[in-house]
Number of protein chains: 2
Amino acid sequence: DILVAVEAFQASLQDRQAELLANAQLWKQRRLLITAGPTYEDIDPVRFIGNRSSGKMGYAIAEAAACAGAEVTLISGPVSLPTPFGVERIDVRSAEQMFAEVQKYYAAADCFISAAAVADFRVEQMAEQKLKKQNDVDSMSLNLVKNPDIVAWVTAQQDKPFVVGFAAETENVESYARDKLSRKKLDMICANQVGQGLGFERDDNRLTVISASETLALPQSSKSELSSKLLKIIGKALS
Amino acid sequence: DILVAVEAFQASLQDRQAELLANAQLWKQRRLLITAGPTYEDIDPVRFIGNRSSGKMGYAIAEAAACAGAEVTLISGPVSLPTPFGVERIDVRSAEQMFAEVQKYYAAADCFISAAAVADFRVEQMAEQKLKKQNDVDSMSLNLVKNPDIVAWVTAQQDKPFVVGFAAETENVESYARDKLSRKKLDMICANQVGQGLGFERDDNRLTVISASETLALPQSSKSELSSKLLKIIGKALS
């Protein structure tokens, strides 16, 4: 039993080494642009609309790509994560700021991975001063307008790189992801379930990687291990 | 010149030691209930309304009080801070959850410090599933209803402890704070300016402490040093 376990462990180590080697061949000197984390849409100087993205998945991919020799630019929403070694990191807060940075960098990239959870809507009019509660008012309404669709903008460009999106959903995960793949003209999409202890704010995850030609299920593992497997799939599609 | 600097440093050390000693006498075995951090009001399983409170001020006060020998219960919104040594910490997310915990603990406390930035409003109806963006919809409106006023509820109780509030404002800081002191029947209020690089998400701060009988300005310093000074002021008022 111990021998079997040791052999299985050695085999998994060899798989991992082979993956790292393959990634180093696939990604050396490739340019990767990746977004990660949430965006925060300010209501006033104190309050904002946020989302539960921790940025861990995007940061893990950025780190694995840099480790494989890629030139990585990471455009990051507000997260509490250290910058991975060898990665150029640009911090933004809102979807509009993220969009502006993506517009600067997408053309130089071989691949764009949109791992950020970009807010669909922003507040119509941000208040310059902190909004005061009025004692006689028991309710209020917040008017929201649509944010730019960053990933769809990139796929609409003539000089677009290979574009990989993410779909974090609480239900009907794969069908929403397929719909998003075709609607936004993505080359590939990574679908993952969120809620019920999966996805956001966690160190592990599981993904279904979907392109026009194939569907691959990556079973639950650490975000770092998932990143290697994902980069191998993308790297093959790139070359 | 070096001598003068050394003497000034020694004098400041002695002041600090005297303060720690005074606090140990004022707070030994006193029970402090304190709230800290933001509250997050969920829009759906992914999105929420948050605010920029880091929890650092409240956590620094909790730590200084525990260090002075107080029995400290800390009710904390979502923050990325470690629990201070010797402090009992209860984690909550929304204003309603924080209110429920304060209702359990206030009666046993000698002092209640409301340092949390509690959301004034919550979303009227949280969505069970992630809200989907519709392509033909360019705007939406979010209906909000008022949250319970936790600190005003405590000051309205017959068996209320000594109650200290915070007022984080972007303008007219002192006058808003005086208004809040009387409107919410607080025993004391700490006013601080936020925005323009002050207050939220920082390690230092400055406070104006206001009660019916006095107004004290605590100049800019670390949140830990401010906490000692503040506890000395509150401790004297308690005894």
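Reply: In this predicted model, B:Arg31 and B:Glu71 form a salt bridge within chain B, their closest N and O atoms lying 3.8 Å apart. The pair joins distant parts of the chain, for 40 residues separate the two partners. B:Arg31 belongs to strand 1 (residues 31–36) of chain B, and B:Glu71 to strand 4 (residues 71–76) of chain B. Side chains of opposite charge can pair when their charged atoms come close. Over all chains, the structure holds 28 salt bridges.

Between chain A and chain B, the count is six salt bridges. One of them is formed by A:Arg52 and B:Asp42, whose closest N and O atoms are 3.2 Å apart. Polar contact between chain A and chain B, counted with both residues at pLDDT 80 or more, comprises 16 residue pairs.

On the side of chain A that touches chain B, four elements of chain A each supply at least two residues: strand 3 (47–51), strand 8 (139–146), strand 9 (162–169) and helix 5 (173–183). Strand 8 of chain A gives the most, with eight residues. By class, the residues of this side divide into 15 charged, 16 nonpolar and ten polar.

Strand 8 of chain A also pairs across the contact: seven bridges join this strand to strand 8 (residues 139–146) of chain B, and the two run antiparallel. Within this pairing, A:Ser141 stands opposite B:Asn143 in strand 8 of chain B.

As for extent, the contact takes 41 residues from chain A and 41 residues from chain B. About 3800 Å² is buried between chain A and chain B, and carbon and sulfur atoms give 50% of that area.

Chain A is superposed on chain B by a rotation of 180 degrees with 0.0 Å of shift along its axis, at an RMSD of 0.1 Å. The two copies are therefore related as by a two-fold rotation axis. The same surface serves both copies, as 100% of the contact residues of chain A recur in chain B.

Key
Residues are numbered from 1 along each chain as its sequence is written. Chains are lettered from A and ligands numbered from 1 in the order in which they are written. This is a predicted model: local features need pLDDT of at least 70, side-chain atom pairs count only at pLDDT 80 or more; totals for chains, interfaces and linings use all residues. Side-chain values use heavy atoms; hydrogens and water are left out. Copies are superposed by least squares on the C-alpha atoms of residues with pLDDT of at least 70 in both. Contact means heavy atoms within 4.5 Å. Buried area is the accessible area (1.4 Å probe) that two parts lose on being put together, summed over both. A salt bridge is a side-chain nitrogen of Lys or Arg within 4 Å of a carboxyl oxygen of Asp or Glu. A polar contact is a pair of N or O atoms within 3.5 Å; within protein, one must be able to donate a hydrogen and the other to accept it, and residues adjacent in sequence count only if both atoms are side-chain atoms. Ala, Val, Leu, Ile, Met, Phe, Trp, Tyr, Cys and Pro count as nonpolar, Asp, Glu, Lys and Arg as charged, and the others, Gly among them, as polar. Two strands pair if DSSP finds at least two bridges between them.
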